[in-house]
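Work through the exercises below with the model in view. Try each task before you read its solution.

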Amino acid sequence: MIERGTLMFAASAILAFAAQAATLKVVVVDADGVPVEEAVVSVLPALGEKPKVAPGAPTVIKQEKNQFVPKVTLVTQGTKLRFQNTDPWDHHIRATTGNQFGVDYVPLFQARQNATIEGKTPVTYDVAVDTAGVVLLGCHLHSSMTGYVYVSESPWSAKTGADGVANLDNLPSGEVKVTLWQANEIRVIPVKLVTLSGVITVVNHQLSVRVRKRRI
Ligand SMILES: [Cu+2]
């Protein structure tokens, strides 16, 4: 019985591997063809139930030299964010839903972040993000401070690197919906239906806007 059980386990492991063997590469460039960093790619099966998504490890967002670092933070639903002010001056956190143009603007949370005194532990603020979507970050004290938290409803999401490429492995084979988000894009990016197989699938996307580095 033990042998049979072991065999069944091995067979189901192979089947699970076969169903998760697909790889997707997404290449994002701006209107001038320049690679775009910190765009977010998210994949969900086109049909059937949405996969369960587990909260990720607590994720730190620094307020450092009047910037949110990273500029774009990618987490799954339910993940705890820890905001940390490392500057020796005060900041604020103003988090809203909606887009950068103030459409569907809904306040989510806000907090005062006192200055970090030299030699002392930085001030932190913890909050869990449960609702999928994009959270806009701002600071009442420094209007140029902006950041984004992409709260993903999918276990398969990735940010593009400096080369404009996001690689996603261990995806389900078959038809999937590929969602792309980028902070500067003013047009709605249509969700792409893509059929994944055992070989690598490449999706190219050109934004309608120019993206200057560090200015998203
Ligand atoms: Cu500030």
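**Exercise 1. Is strand β5 mostly covered or mostly open, and which strand pairs with β5?**

Step 1. Locate β5 at residues 72-76; strands are DSSP runs of E, at least two residues, numbered from the N terminus.
Step 2. Four of its five residues are buried, so the strand is mostly covered. Buried means that 20 or more other C-beta atoms, placed from the backbone, lie within 10 Å of a residue's own.
Step 3. β5 pairs with β11 (residues 146-152) in the parallel sense, over five bridges. Pairing requires at least two bridges found by DSSP.
Step 4. T76 stands opposite S152 in β11.

This is a predicted model: local features need pLDDT of at least 70, side-chain atom pairs count only at pLDDT 80 or more, and totals for chains, interfaces and linings use all residues. Residues are numbered from 1 along each chain as its sequence is written.

**Exercise 2. Which residues does V149 touch?**

Step 1. Contact means C-beta atoms, placed from the backbone, within 7 Å.
Step 2. Leave out residues up to four places away in sequence; V149 then touches T73, V75, L81, V129, V135 and L137.

**Exercise 3. What is the strand order in the open sheet of three strands?**

Step 1. The order is β13-β1-β16, with mixed pairing.
Step 2. β13 (165-171) and β16 (201-206) are the edges; each has a single partner strand, so one side of each lacks a neighbour in the sheet.
Step 3. β1 (residues 22-29) runs parallel to β16, joined by six bridges.
Step 4. V29 stands opposite Q206 in β16.

How values were computed. Contact = placed C-beta atoms within 7 Å. Buried ≥ 20, exposed ≤ 12 C-beta atoms within 10 Å, placed from the backbone.
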